[in-house]
Amino acid sequence: MQNIFVWGFNFRTAPVSVRELLACSKEEIKNLLPAIQSYSGVKELVILNTCNRVEFYTVCEDYSQVYAIVGNFLDIKNVSQSFRKHSFFLEGKDALAHIFRVASSLDSMVVGESQIISQFKEAFQIAREVGTVGKILNRVFEKALRTAKRVRTETGIGKNAISVSYVAVELAKQIFGNLSKAQVLLIGAGEMAELAAKYFKKLKANIFIANRTYERALELAKELEGNLIVYNELEDHLHKFDIVLLSTSAKSYVLTKNLVEKAMKKRDYKPMFIIDISVPRNAEPDINDIDQAFLYNIDDLKGISQENLKGRLREKEKGEIIVWDEVEKFYRWLEFLKIEDKIVKIKSLWADVEGREPKFRKFLYHALREIKKDPIGSEKLVKILLQEDDYGNKIRKLSDVYNRANGTRI
């Protein structure tokens, strides 16, 4: 009996210091998926990695296989098995509801943010490319995206949608006040950095962009009418900035304590606010020890995001109703899947009779429709049509009963 399981780490269960050790690049996920599937023997597997979560969605027979996934993953990441204490585990309908909530942004740090949809689709696409999804997870992701669309169209959760980038800029605004004279440096030019840049521009901040790929930085700078800094010359310019926002995919620290110390001396210890929304973190935590250097990471944004949540709780409750409606629909399909082979067998068994007898054809059509609606409640009907008793043994044929009642030979 196959079931749906979820295991992973997210911003509710694990701090960023743990999440960054488990974060996976796209290339890493492509290698991990087939390796873990082979090792654990699970039927289907998807890994969703974002700045706030590393989660495994899987179809397998029992918890022992999920346990194998966990152990194998932690070994591959070269971290202690004690990290399990920061993880969570769900199965069955609870697991499915979680997947639907994630896709619908009901489980996001910033409820209603729209970035999760593209991240969700990308995770599924990678799993499809390497061949670790099948019939069930294909259907799960299809229905998860349908649920997300329903939540956005049937509730107000997506109105004035904000993002982690928005919350980061809000933090800068709370700390710095009027940003119209602020010198802002964005390190990174990906989706989150671009969103932050657009928010800063609305607040009339003076924006500078630095990125490892010069062409991408140039493209974004032109789009936002911002300025460009050559990435390798960060040390020469860092002292000029009041606010530094980091959002890159670098695996090591882009800003070190030593680099910031030098910048602070050059700016005579005028306050510098550094907001790091990257996972793994791009700014060395010890920067906080420097006088007048204030470092915030993605977990520090929770307070502001909770304020955002207060105004959306009613809409979130509406979203929960939609999630569970879709969960129940999915599980009806899953129950039908268990007897799909029997349906095929029934149709094959009665094909000749159905072809000759219009009345029986009509009866069979309605019988199969009832079975599809309620697979569990139709068990007896299935057995009758399969001509089996409770133990799967052949019994008196329905055709014999039909002969006697109708007086004709079939």
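Which residues does Thr 50 touch, not counting residues up to four places away in sequence? Here they are Ile 116 and Gln 119, where contact means heavy atoms within 4.5 Å. Before the close-ups, a word on the source: this is a predicted model, in which local features need pLDDT of at least 70 and side-chain atom pairs count only at pLDDT 80 or more, while totals for chains, interfaces and linings use all residues. Residues are numbered from 1 along each chain as its sequence is written, and side-chain values use heavy atoms, with hydrogens and water left out.

**View 1. Thr 50 sits in strand β2.** This strand covers residues 44-50; helices (H or I, at least four residues) and strands (E, at least two) are DSSP runs, numbered from the N terminus. Thr 50 counts as buried because its relative accessibility is 10%. For these legends, buried means under 20% relative accessible area, exposed over 50%, and partly exposed in between, using a 1.4 Å probe and protein chains only. Look also for the polar atom of the Thr 50 side chain that lies 3.1 Å from the backbone nitrogen of Asn 52.

**View 2. Another threonine, Thr 132, sits in a loop.** The loop in question runs between α5 (115-130) and α6 (135-154). With a relative accessible area of 1%, Thr 132 is buried. Who is around it? Leaving aside neighbours within four places in sequence, Thr 132 is in contact with Leu 33, Pro 34, Gln 37, Lys 43, Glu 44, Leu 45 and Ala 127.

**View 3. Four strands form an open sheet in the order β2-β3-β1-β4, with antiparallel pairing.** The edge strands are β2 and β4, each of which pairs on one side only. Two strands pair if DSSP finds at least two bridges between them. On average, neighbouring strands of this sheet are turned by 15 degrees against each other, direction ignored. β2 and β3 run antiparallel and are joined by seven bridges; in one of these pairings, Glu 44 has Val 59 of β3 as its bridge partner.

**View 4. Strand β1 (residues 3-10) is mostly covered, with eight of its eight residues buried.** Asn 3, Phe 5, Trp 7 and Phe 9 point one way from β1, while Ile 4, Val 6, Gly 8 and Asn 10 point the other way. Eight bridges join β1 to the antiparallel strand β3 (residues 53-60). Follow Ile 4 across to β3 and you reach its bridge partner, Val 59. Four bridges join β1 to strand β4 (residues 88-91), and this pair runs antiparallel too. Here Trp 7 stands opposite Phe 89 in β4.

**View 5. Helix α4 (residues 92-103) lies across β1, β2, β3 and β4.** Its direction is at about 55 degrees to β1. Axes are lines fitted to C-alpha atoms, for helices over the stretch in contact, and angles run from 0 to 180 degrees between N-to-C directions.

**View 6. Helices α8 (residues 191-202) and α9 (residues 214-224) pack with their axes 11 Å apart.** The packing angle is about 25 degrees, so α8 and α9 are roughly parallel to each other (angles under 35 degrees count as roughly parallel, over 145 as roughly antiparallel, 65 to 115 as roughly perpendicular and the rest as oblique). The contact is made by Glu 194, Ala 197, Lys 198 and Lys 201 of α8, together with Arg 216, Leu 220, Glu 223 and Leu 224 of α9. α8 passes α9 in a right-handed crossing; a crossing is left-handed if the near helix is turned anticlockwise from the far one by less than a right angle, and right-handed if clockwise.

**View 7. A cis peptide bond links Val 279 to Pro 280.** Its omega is near 0 degrees. Pro 280 has its place in the loop between β9 (272-276) and β10 (293-297).

**View 8. Asn 78 has a positive phi of about 60 degrees although it is not a glycine.** You'll find Asn 78 in the loop between α3 (63-76) and β4. At 71% relative accessibility, Asn 78 counts as exposed.

**View 9. Lys 204 has a phi near 65 degrees, a positive value in a residue other than glycine.** The place of Lys 204 is in the loop between α8 and β6 (206-210). Its relative accessibility is 62%, so Lys 204 counts as exposed.

Notes: Polar contact = N/O pair within 3.5 Å; in protein donor to acceptor, adjacent residues only side chain to side chain.
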